[in-house]
Amino acid sequence: MTTRQPTSYRLLAELEAAYDRLVESTAHLYDSWQKHPGEIWSLNHEPATNVWLHDALFDYWYQDGQDGRATRSHVGLVAARSPVMEAIEPVNQAKTAFAALIASIRKNAPEIIPEIKAIIPFRHPALHGHLSGSGLARLHLKQCWRAVPAAPAAVQRVRMAWYVSGRSIKRLSVADAERKLMTLDTQATHIRRQLRALAGLPASEPLAQVQTQAPLMRANLFFHEPLPNGTTRQARNVALPLFLPCDDGRLPEHNRPAAKPPQTRQRARRSDQRLEDHPLLPSLRVYRYR
């Protein structure tokens with residue numbers, strides 16, 4: 001059994017307290033909306049219900065078989081009266097503090113990360129028990145710290161659209177690629193093979209590292225009055241319900257985009273055609289240019 005260091009004990013205690021603040025502030029936000037209800041709309045759950053909103057706000061968990069790199073989206077709109085809007089900032093502050101502690105743990109005590117994902121949820125047995133029955137028993141750290149989006153002022157209308165950027169391409173030098181490969185297991189056969197392939201290239205040849213980007217929903221907000229900076233509109237990416245301040249509890253005019261994103265834009269595909277069909281360095285998703 002691994003002996004836990006004093007730093008690990010301290011960080012775990014701090015994280016337990018941060019998780020409590022996260023759950024409690026989220027519960028306060030949801031309770032505030034129940035006490036001061038407003039209209040809600042969900043992209044994938046019509047009609048939207050209070051159960052949908054609760055599940056979206058408390059979605060801090062892995063589903064069975066979920067890719068650890070992926071996060072679930074809950075696209076929707078919430079008409080939020082003043083007490084509800086005031087309850088959002090403590091949630092986002094708790095999320096920021098939680099993320100900072102996770103970063104500190106990854107740096108100073110990475111060995112306790114698996115324990116965090118498995119043990120921390122039991123601090124709130126009722127919540128954990130409900131989720132365990134649904135196959136949601138492990139903490140999804142990325143879903144814990146993503147902020148609850150909120151408009152900064154009253155909105156006249158909202159226009160939402162899928163943003164599909166396809167793939168991002170970052171240019172690398174041969175030396176850059178070699179440094180990245182050297183951080184991997186250089187004793188592994190497939191890494192040695194890639195190092196040999198890289199060694200056969202001229203040092204001046206540019207390479208391309210490709211990252212596939214998941215589609216996301218973007219909301220364009222049009223305000224009744226200019227913001228302090230003079231703008232009358234703002235674009236926000238929305239993976240969680242977007243809270244819109246209002247006095248009457250009614251949602252502003254908004255469109256209803258398709259429930260699923262369109263296929264990757266052809267423009268992105270044309271830029272990719274500059275690259276070879278197969279990666280030179282599969283472990284890094286690095287391609288040669290044609």
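Among contacts between residues at least 6 apart in sequence, 79% join residues at least 24 apart. This is a predicted model. The protein has nine helices and ten strands.

**Burial and surface**
- Of the 290 residues, 42% count as buried.

**Aromatic pairs**
- The structure holds three aromatic pairs.
- One of them joins Y19 and F98, with ring centres 6.5 Å apart. Their planes meet at 50°, so the pair is tilted; planes under 30 degrees apart would count as stacked, over 60 as edge-to-face.
- This pair links distant parts of the chain. Y19 belongs to helix 1 (residues 6-35) and F98 to helix 3 (residues 82-108), 79 residues apart.
- Y19 is buried, at 0% relative accessible area. F98 is buried too, with a relative accessible area of 0%.

**Charges over rings**
- R157 places its charged end over the ring of F222, 4.1 Å from the ring centre.
- R218 lies over the face of Y163, with 4.3 Å to the ring centre.

**Backbone exceptions**
- Most residues other than glycine have a negative phi, and most peptide bonds are trans.
- The peptide bond from E46 to P47 is cis, with omega near 0°. P47 sits in the loop between strand 1 (40-42) and helix 2 (50-57).
- R285 is not a glycine, yet its phi is positive, at about 55°. R285 lies in the loop between helix 9 (266-272) and strand 10 (286-288).
- R285 counts as partly exposed, because its relative accessibility is 36%, between the cut-offs of 20% and 50%.

Notes: Residues numbered from 1 in each chain as written. Predicted model: local features only at pLDDT ≥ 70, side-chain atom pairs only at ≥ 80, totals over all residues. Heavy atoms only, no water. Helix = DSSP H or I, 4+ residues; strand = E, 2+ residues; numbered from the N terminus. Buried < 20%, exposed > 50% of the residue type's maximum accessible area, 1.4 Å probe, protein only. Contact = heavy atoms within 4.5 Å. Phe/Tyr/Trp six-rings, centres within 6.5 Å; stacked < 30°, edge-to-face > 60°. Lys NZ or Arg CZ within 6 Å of the ring centre and 35° of its normal.
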